[in-house]
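Subject: A structure for you to look at

Hello,

I am handing over a structure that I have been going through, and I hope you enjoy looking at it. Below it you will find my notes on what turned up.

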Amino acid sequence: MEGPAGDSVCGKWRNGCGLYRDKLKDIFSWQLLKTIAMGQVLSLLICGTAGSCQYLADAGVETPMLQSFLNYALLLLTYTLALCTHKGDASFLKVLRTKWWKYLVMGLADVEANYTVVKAYQFTTLTSIQLLDCFVIPVLMVLSWIFLKTRYRPVHFVAVMVCLVGVGAMVGADIISGRDQGSTSDVVLGDGLVLLSSVLYAVSNLCQEHTVKNLSRVEFLGMMGLFGTLISGVQLAALEINAVKAIKWDLYICMLFAVYALCMYALYSFMPVVVKLTSATAVNLSLLTADLFSLFCGLLLFNYKFSVLYIISFVIIMMGFIMFNAIPTYALHGAAAQEAADPRPDHASDRLLAADGDARRTETGEAFTFL
């Protein structure tokens, strides 16, 4: 009795985790290695934006909307103009006429997510921001479950927990090293801004995943450049015009703005490629290492104190990221989604057949109906 029962339990676990068909040699594939490498490129780009921001802050320049405006303007000058060359249903005028309000929502979410997280540094500490920033991952998983019909296996939830443990180790290292920067003028407001930015980032990333997997990367970036430029331009004129006038422009300041804008432009241009290859959730997991790259740069540039916990946290985060990407998620479509909504036991075998036949463990993103 123990043997069959044990086999049954192991079989259920393998089925739930997706290990019934994935061998170790298949897990560590070229696809996974490419995903890891591309994710770390994104982290390095974020590190570039963080470093340039730090130098700008040290120079007395705090203009987050101006910096965002430069990035969106670059997207406008490249991808929006490229979109204008498209014809037919993918033409700029057709997209603008039929989907303008949807891209307006996406642009608003993206601009305000960037703005609120930068404003949070004025009210709360770096530790709080690092911890609460992770809220974007569970929010994104819930939104993907609802709108993209993404279904996760147990190993994916374990992987997310492992990554969060790595973030905890990183925050602990910051505290030990005395790198708890930021302000404590209004911690509740600051923490609320971080949580708000996480929700907005989740909405923006969800829309991005759907668009690049089902429509066009150029369309997404082109419309994001158009509406991002308009929204950030209005906020810039309303909130930062005096701060911009107070900037003492010289070659050094101009170079810092250029580095920030180019890093952000490269990040926005490259991120849809990685999202299409994996998912928005996987990309956000890989971005958890961005703070570590910023720290390593800070060791050289800002004399940060080193702790072995930073290395440990990096290894833990990478382990969780590998676990998440090693086993693919799957999406329910058509009959499979309807059967999955039917809780009756006599439909269990039908749901299993539907999941294998009509919803073949494909990449997520095809069932979202927002656009």
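One definition before the first finding: a helix axis here is a line fitted to C-alpha atoms over the stretch in contact, and the angle between two axes runs from 0 to 180 degrees between their N-to-C directions. Please also keep in mind that this is a predicted model.

With that in hand, take helix α4 (residues 64-83) and helix α5 (residues 92-120), which pack at an angle of about 155° with their axes 12 Å apart. Angles over 145 degrees count as roughly antiparallel, and α4 and α5 are therefore roughly antiparallel to each other. The crossing in which α4 passes α5 is right-handed. On the α4 side, the residues that meet α5 are Pro64, Met65, Ser68, Tyr72, Thr80 and Leu83. Their partners in α5 are Phe92, Asp110, Val111, Asn114, Tyr115 and Val118. By class, the residues of this contact are 8 nonpolar, 3 polar and 1 charged.

Now for the overall picture. The protein has 371 residues, and 49% of them are buried. Its secondary structure comes to 17 helices and 2 strands. Among contacts with a separation of 6 or more, 88% are between residues 24 or more positions apart.

Helix α5 also packs against another helix. The axes of α5 and helix α10 (residues 217-239) come within 7 Å and cross at roughly 55°, and that angle makes α5 oblique to α10. Here too the crossing has a hand: α5 passes α10 in a right-handed one. The contact of α5 with α10 holds 17 nonpolar, 4 polar and 4 charged residues.

Is Ser52 buried or exposed? Residues under 20% relative accessible area count as buried, and Ser52, at 4% relative accessibility, is therefore buried. Ser52 sits in helix α3 (residues 30-58). A polar atom of the Ser52 side chain lies 2.9 Å from the backbone oxygen of Thr49. Beyond its neighbours within four places in sequence, Ser52 is in contact with Leu256, Val259 and Tyr260.

Phe157 belongs to helix α8 (residues 154-176) and is partly exposed, with a relative accessible area of 40%. Setting aside residues up to four places away in sequence, Phe157 touches Met141 and Tyr152.

Pro138 lies in helix α7 (residues 136-147). Pro138 is partly exposed too, with a relative accessible area of 35%. What is the distance from Pro138 to Thr281, C-alpha to C-alpha? The two are 8.7 Å apart in space, although 143 residues apart in sequence.

Key. Residues are numbered from 1 along each chain as its sequence is written. This is a predicted model: local features need pLDDT of at least 70, side-chain atom pairs count only at pLDDT 80 or more; totals for chains, interfaces and linings use all residues. Side-chain values use heavy atoms; hydrogens and water are left out. Helices (H or I, at least four residues) and strands (E, at least two) are DSSP runs, numbered from the N terminus. Angles under 35 degrees count as roughly parallel, over 145 as roughly antiparallel, 65 to 115 as roughly perpendicular and the rest as oblique. A crossing is left-handed if the near helix is turned anticlockwise from the far one by less than a right angle, and right-handed if clockwise. Contact means heavy atoms within 4.5 Å. Ala, Val, Leu, Ile, Met, Phe, Trp, Tyr, Cys and Pro count as nonpolar, Asp, Glu, Lys and Arg as charged, and the others, Gly among them, as polar. Buried means under 20% relative accessible area, exposed over 50%, partly exposed in between (1.4 Å probe, protein chains only). A polar contact is a pair of N or O atoms within 3.5 Å; within protein, one must be able to donate a hydrogen and the other to accept it, and residues adjacent in sequence count only if both atoms are side-chain atoms.
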